[in-house]
Amino acid sequence: MSKLVLKNVVKRYGSFDAVADFSLELAKGEFVSLLGPSGCGKTTTLRMIAGFMPPTAGTIEMDGKQISSAGHVVPPEHRRMSMIFQSYAIWPNMTVGENVGFGLQIRKLSRAEIDRRVDKILDVVQMRNLKGRYPAELSGGQQQRVALARAIVVEPEVLLLDEPLSNLDANLREEMRFEIRRLHDEFKITTVYVTHDQSEAMVTSDRIVVMNKGKIEQIDPPHTLYGRPRSRFVAGFIGRTNFLEGRHEAGEVRFDGFAAKAGSLEGVNGSGALLYSLRPQAIGLTTRQPSGQALAVESEISSRSYLGEYWDYQVRPLAGTKPVRVSTSPSQVFEVGSRVWLEIDPAAMVRVE
Amino acid sequence: MTATASTLDTAPARTARAGGFDSTWLLWIGIIAVLLFLVVSPFIYLVITSFQAERTGEFTFANYATAYGRARYVEALLNSLKLGAVSALLAGIFAVPLAWAVARTDMPGRGLTRMLVLATFITPPYTGAVAWILLAGPNAGWLNRFYTLLTGAEAGPFNIYSFSGLALVIALYSFPYIFIFTTAALELVSSEMEDAANILGAGPWRTMWRVTLPLALPAILGGLIICFLEAIALFGSPAMIAIPARFNVVTTQLFQFFGNPVRVEVAAAYAMPLLGITVLLVLVQRLMTHRKGFVALTGKGGERRPILLGRWRWVVFGYAMFVAALAVFLPYVFLLQSAFAKAWGRGFAWDNISLQNFRFVLFEHATAAKSVLNSFLYAGASATVAVFLTLGIAYIVARKLVPFGGVLGFLCVAPFVIPGVVLAIGFYAAYAPPPLSLYGTALILILAFTTRFLPVGYVNASAAIRSVNPEMEEAVRVLGGSRLTALRRVVTPLLKRNLLGAWLLIFIPATRELSAAIFLYGPNTKVASVMIFDMSEEGNFERLAALALILQVLTLPLLWVGQKALGRDFMLRRNAT
Ligand SMILES: Nc1ncnc2c1ncn2[C@@H]1O[C@H](COP(=O)(O)OP(=O)(O)O)[C@@H](O)[C@H]1O
Ligand SMILES: [Mg+2]
């Protein structure tokens with residue numbers, strides 16, 4: 001049975017749908033991210049799951065029991081969930097130990113048991129030595145760890161995180177996303193993680209829900225999302241890509257500067273315009289004409305930038321007008337203006353809406 | 001002027017090297033001299049005088065023996081403490097629910113409530129006291145009359161001339177302090193802090209007790225302390241209510257020591273506990289709000305969503321309007337009635353309406369109109385002096401132009417712990433005798449007001465200066481402008497609004513200052529507040545009401561200017577600490 005089920009959830013403000021027809025099922029112990037640009041409805045969805053606001057329509061169930069509908073909402077304090085907030089929301093009037101112990105106190109555990117569990121979780125997040133400190137004396141990263149400990153120590157049914165890393169600097173952010181995944185692997189808590197940062201979602205999640213303007217664009221594991229984006233939005237939002245517009249005519253799909261056999265491409269149906277996504281990493285670049293299955297397109301380097309970890313080339317097919325973006329390893333050096341061959345595997349081209 | 005310019009120009013680089021007597025020192029000495037005159041010397045004279053024998057000036061403890069030698073005098077002291085405690089508590093009961101409702105809930109009429117608190121805040125306590133004499137005077141008071149009318153009883157139950165009456169009146173006009181402090185604190189508590197407790201299993205009530213209230217508690221206690229100090233330092237309301245009720249408090253007792261003949265030595269000795277308690281409690285308040293566990297965190301996502309009260313919102317709104325009725329609606333209705341009545345006791349009848357009170361106050365009375373003019377002149381002068389003095393000092397302190405700048409800052413805020421009555425006695429002791437003989441002059445009133453409101457000026461000025469990035473001045477100087485040019489062309493224009501705000505925050509309370517003025521005014525320098533006080537002693541409530549309303553009406557345009565320049569809440573922002 002699914003742990004958490006959202007069925008056709010809608011949140012409407014006036015005539016504006018902040019969240020539209022949102023359906024999602026989480027298996028027990030699954031880590032799912034809600035990913036999308038700012039304002040796409042992630043926080044709204046999360047707060048509906050937490051019970052802070054009722055949905056306008058649709059239902060939310062946990063362990064088969066309905067906890068939210070337009071008419072009835074089990075209040076947050078009765079959902080046995082935990083949440084980590086963007087501002088951490090660490091209470092400044094309580095020490096680290098008191099912050100972490102708060103939820104256990106509410107659950108009426110004995111003092112000794114509270115102490116034992118607080119110490120244990122503080123060990124896990126490496127904050128035991130700061131137990132007696134007040135939050136004002138902690139760095140951002142330490143406050144983040146307190147927030148994690150406070151949320152996990154109560155062993156919640158579902159853990160909710162709303163952009164928990166957005167207030168940290170870049171290095172710490174990178175470190176903490178691994179930490180969050182590590183804690184998940186250790187405690188196996190069903191988790192919904194909200195972020196607008198694709199790499200955060202990729203590192204932490206079992207599955208990612210890509211959202212745009214209140215709607216779900218695609219739900220898939222990270223590698224599928226990257227390799228098989230279903231919409232132009234997803235392809236553009238997850239990683240960098242080339243959008244190639246083609247026309248299906250007479251058994252061929254004609255692109256700007258080259259053509260491919262209709263049979264070698266996915267999703268060719270009917271006639272008319274087709275849109276494909278092709279990752280810059282999936283394109284090969286050679287000086288001599290390649291032989292093999294791949295399409296070979298004679299082209300010219302129109303510009304390039306060196307980014308240390310890779311070369312970023314703009315390559316224009318001789319017969320075309322618009323350049324294609326290609327990433328190669330740092331050792332593959334081509335001069336601007338030189339003739340090269342693009343090596344395109346039709347199977348790497350993904351049909352998008 | 002040119003000397004000052006070059007001083008300022010070279011100051012930062014060269015002052016650090018000690019030894020040389022350059023012009024920076026002159027500047028420092030000048031400011032120190034002014035502050036010594038305004039702050040230190042009255043204080044020292046107060047202390048010295050309390051140990052001096054009358055006339056001979058010899059050292060003696062006799063003043064203390066006299067001041068505390070009678071049970072009556074000690075009782076007045078205890079009365080003050082009791083009064084402070086009761087009115088602070090009452091003020092808390094009025095203010096905290098209102099602050100919570102306005103800052104954190106979806107109560108209807110939150111803007112209206114804020115406006116009414118502001119109306120309370122700008123009502124001088126003695127005006128409130130007069131209104132409540134009209135409302136709850138024994139027998140003739142309106143509330144009593146309504147009571148007898150409704151119940152047919154012989155007499156109404158309300159008597160303002162009592163300890164509880166006085167405590168109520170003081171609380172009604174000091175609760176805005178707690179309101180200001182508490183809303184400011186609650187506005188720092190982000191909704192996420194409450195949500196975090198919620199989702200961990202704490203219901204709304206537990207969240208309020210465990211998270212919201214503890215976070216606001218230092219502010220609430222701070223507000224209570226300020227109210228307590230207000231109550232024990234207040235002169236007008238106790239003089240109007242306690243004296244007819246036949247009990248004394250410290251301030252009324254001090255006033256009696258100042259009666260004929262003036263016994264300033266005994267008064268100085270008697271003022272010491274008032275000063276001591278104030279200093280002590282202000283320290284306590286500081287310690288409390290700076291305790292490490294109570295530093296409010298701010299961060300991204302610190303948005304606040306109002307707590308939805310459901311049906312309770314009308315109950316809470318009802319309470320807000322009840323408090324407003326006590327502090328604003330009822331008092332002003334009956335002040336108006338009285339001001340436009342031939343005799344207030346005859347009530348709301350067409351033939352009882354007249355403009356004669358206004359005519360009398362404005363044109364016929366020998367000094368009433370002049371007293372209003374005096375109030376505005378003196379307040380304007382002290383606000384101007386205080387604003388520019390504190391701006392200069394704040395600038396010098398912030399940019400570290402002189403060594404030991406911190407001392408200057410400290411002297412500027414020190415008057416905060418000196419109650420107006422005590423300050424006046426200090427000024428009297430220091431500047432009434434020759435050679436200066438300032439007693440009764442406009443100058444002594446202006447200087448006393450300046451000193452009283454120096455802390456407000458300084459707090460505002462230093463906050464304003466800190467908001468100006470030094471790089472903006474450096475940009476001027478890199479382009480070849482002097483420091484003075486930078487000050488004139490960049491800093492002052494940038495701070496125009498802040499300066500105007502500070503000026504109003506001093507000017508408005510200075511126009512109604514009574515506690516210091518009552519000890520220092522002379523026959524030609526009577527101010528409006530003293531005039532109102534005199535009229536209340538004569539029992540002239542119709543004319544008094546007219547004068548009090550004129551004073552209030554004249555304040556309105558200033559308030560309007562302040563709100564235009566600085567936003568709706570400029571009076572209600574936390575500015576005293
Ligand atoms: N109380 C509200 N009233 C009206 N619109 C709202 C309200 N709360 C959120 N919105 C709108 O709903 C949309 C989704 O908001 P949110 O869920 O916070 O986005 P995200 O967390 O993805 O950045 C935004 O366009 C926002 O402006
Ligand atoms: Mg959000």
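The largest share of the shell around ligand 1, three residues, comes from α1(A), where helices (H or I, at least four residues) and strands (E, at least two) are DSSP runs numbered from the N terminus. This is a predicted model, in which local features need pLDDT of at least 70 and side-chain atom pairs count only at pLDDT 80 or more, while totals for chains, interfaces and linings use all residues. Residues are numbered from 1 along each chain as its sequence is written, chains are lettered from A and ligands numbered from 1 in the order in which they are written, and side-chain values use heavy atoms, with hydrogens and water left out.

**Surroundings of ligand 1**

- Among the residues that surround ligand 1 are Tyr13(A), Phe16(A), Gly39(A), Cys40(A), Lys42(A) and Thr43(A), a residue being near a molecule if one of its heavy atoms lies within 4 Å of it.
- By class, this shell has four nonpolar, five polar and one charged residues, where Ala, Val, Leu, Ile, Met, Phe, Trp, Tyr, Cys and Pro count as nonpolar, Asp, Glu, Lys and Arg as charged, and the others, Gly among them, as polar.
- An oxygen atom of ligand 1 is 2.6 Å from a polar backbone atom of Gly39(A), and an oxygen atom of the ligand is 3.2 Å from a polar backbone atom of Cys40(A).
- Of the 560 Å² of accessible area that ligand 1 has on its own, the protein covers 59%, with accessible areas taken from the Shrake-Rupley method with a 1.4 Å probe.
- The elements that give two or more residues to the shell are β2 (16–26) and α1 (42–50) of chain A.

**Salt bridges**

- Over all chains, the count comes to 35 salt bridges, each being a side-chain nitrogen of Lys or Arg within 4 Å of a carboxyl oxygen of Asp or Glu.
- Arg128(A) and Asp119(A) meet through their side chains in a salt bridge of 3.6 Å, N to O; Arg128(A) is partly exposed, with a relative accessible area of 38%, whereas Asp119(A) counts as buried at 17%, given that buried means under 20% relative accessible area, exposed over 50% and partly exposed in between (1.4 Å probe, protein chains only).
- Both of these residues belong to a network of salt bridges that links Asp115(A), Asp119(A), Asp123(A), Arg128(A) and Lys131(A).
- In chain B, Arg114(B) forms a salt bridge with Glu187(B), the closest N and O atoms being 2.8 Å apart.
- This pair links distant parts of the chain, 73 residues apart, with Arg114(B) in helix α5 (residues 110–121) and Glu187(B) in the loop between α8 (163–186) and α9 (191–199).
- Arg114(B) is buried, with a relative accessible area of 14%, while Glu187(B) is partly exposed at 33%.

**Backbone features**

- Asp63(A), in the loop between β4 (57–62) and β5 (65–68) of chain A, has a positive phi of about 50° although it is not a glycine, and Asp63(A) is partly exposed, with a relative accessible area of 32%.
- Ala250(A), which is not a glycine either, has a positive phi of about 50°; Ala250(A) is found in the loop between β11 (242–249) and β12 (252–255) of chain A and is exposed, with a relative accessible area of 81%.
- A cis peptide bond, with omega about 10°, joins Pro434(B) and Pro435(B), and Pro435(B) is found in the loop between α18 (420–431) and α19 (442–466) of chain B.

Technical notes:
A polar contact is a pair of N or O atoms within 3.5 Å; within protein, one must be able to donate a hydrogen and the other to accept it, and residues adjacent in sequence count only if both atoms are side-chain atoms.
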